[in-house]
Amino acid sequence: RGGAWAGPMARVRWRSAGYLAVFIVSALATYNSLQTLHGHARAGRHLEVEHFHHHHHTPTPAASTPGHLRGSGARVADLEPFHRPPRDDGEKNPAARIDAGDDVETAVRRGEFGLGASSFTTRSKESERTDRIDAKPQLATKKDEKKRDEKGNGKYHVLLTANDAVYVRWQSRIMYHQYKKIASDPALAGAMGGFTRILHSGKPDDLMDEIPTVVVDPLPEGIKDHGYVVLHRPYAFKQWLDTHAADIEEEYVLMTEPDHLYLRGMPLFATPTRAAAFPFFYIDPKKPEFTPIVQKYNEVEAPIDAFAPIGNSPVMISVESLSRVVPMWHDLAVAMKQDPEADKAFGWVIEMWAYSIASAQVGVTYELHPEMMLQPPWDDSFQVKGKVAYIIHYTYGQDFAKSGVATPGKIGEWHFDKRDFTGFPPKEKIPMPPKDAHEVIQKMMTIINEGITELPHWP
């Protein structure tokens, strides 16, 4: 496009401290409403951890805060956004409870997701400022393309973005440990190729020799993330495309996250003209409360059906297509995060919305694959619509009764939540779930415990 963008995407700025106050109040409201979706009832106790804007719940007494969290100094910026637990407010807020028989979508449609609608307003040009970088990737040269064509092997390269926080590091170690097992087994590998961790902390860490890693910078100093760490992700991919994409053999990549555990390798779902992605039901541009905001950023006037219900992970996509999406994805994510209307409506999934909108703007389309990923405790079988799944995503807290019945939203007699290990990794093997708990949670904990017991120098 060149030059500054026209319209509300360009030159977004806070006009005064009053805007900042509005942002904080609306953010707190969004945080509280989102509590009911992810994880378990212990979330409120996380408030006492320093700077935990990721868990804005009603504080509980210090005595009830898990000992490993009190005084840990962990920062919410080290956590991935949106993946947070529901609360159990008892009779004070019965609507906040998620029944054990509900799946996520049922709970959300019952009004417990709480993204919130916002009125559609257009901000004046005087209240806008440019807050974007030159995010256009340097496309591969003909020499680079020839290199990839010669090496092209019908596989995809796994890309993991991460910072150097303890919370992210231990998950990344287990994730890569499981990747190696699957990728080395011809019966399970599918079209898995190589692996790269894109470390966006700006400096090497002590996992460089354990996990194949490239180091890139965090967002430039002039662009504020407002405590939303995932805002760094598009910029990390931009740098990878600029300086490292030509070095891989594969023509396709699979964008993934630290809390993804591989059951088996996917086949090559993507094609040169069509990417593949997992659908998220809450990314729904046709919902009346979301459509005006989507259209606000729809500069090419793409039809509403062009907006896929996806985020950027898990996504399988050609390097060429990714290079088209990333510049728009970055600029949209930055602009939308600083737009109070969009930030209020989309909350902690605003970066996912930015990816979907960016894809529609540049004409990249997706084939949806629900079998790409399981999300226990809601998914209790390895089958998704008759197809065997590929990844376990352990974003939710896990609570089960001794009988093996899941009790989401209420602390169970057996419990695991990755957030309980924010300041340091699990120090030893975690007790397994009740024997009658479903097969997905059994497999999930088996993989995690194998990482804990098999990886050298743990923790």
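Let's start with strand E4: Tyr-252, Leu-254 and Thr-256 point one way, Val-253 and Met-255 point the other way, and all are buried. By buried I mean under 20% relative accessible area, with exposed being over 50% and partly exposed in between, using a 1.4 Å probe and protein chains only. Strands here are DSSP runs of E with at least two residues, helices are runs of H or I with at least four, and both are numbered from the N terminus.

A quick word on the source: this is a predicted model, where local features need pLDDT of at least 70, side-chain atom pairs count only at pLDDT 80 or more, and totals for chains, interfaces and linings use all residues. Residues are numbered from 1 along each chain as its sequence is written, and side-chain values use heavy atoms, with hydrogens and water left out.

Back to E4, residues 252–256: five of its five residues are buried, so the strand is largely enclosed by the rest of the structure. Who are its neighbours? Strand E1, residues 156–162, runs parallel to E4 and is joined to it by five bridges; Leu-159 has Met-255 as its bridge partner. Strand E7, residues 315–318, runs antiparallel to E4, with four bridges, and there Val-253 stands opposite Ile-317. Pairing, for us, takes at least two DSSP bridges between the strands.

Keep an eye on Ile-317, please. Together with Met-336, Phe-346 and Tyr-366, Ile-317 has the most contacts inside the largest nonpolar core, which has 85 residues. Helix H7, residues 319–337, gives the largest share of this core, 11 residues. Such a core is a set of buried Ala, Val, Leu, Ile, Met, Phe, Trp, Tyr and Cys residues joined through side-chain atoms within 4.5 Å.

Now, the charges. The whole structure holds 19 salt bridges, each a side-chain nitrogen of Lys or Arg within 4 Å of a carboxyl oxygen of Asp or Glu. Lys-418 and Asp-259 meet at 2.6 Å, N to O. Lys-418 sits in the loop between strand E14 (414–416) and helix H10 (439–454), and Asp-259 in the loop between E4 and strand E5 (260–262), so this pair ties together parts 159 residues apart in sequence. Buried or exposed? Both Lys-418 and Asp-259 are buried.

Another pair is Lys-296 with Asp-339, whose closest N and O atoms are 2.8 Å apart. Those two residues are both buried as well.
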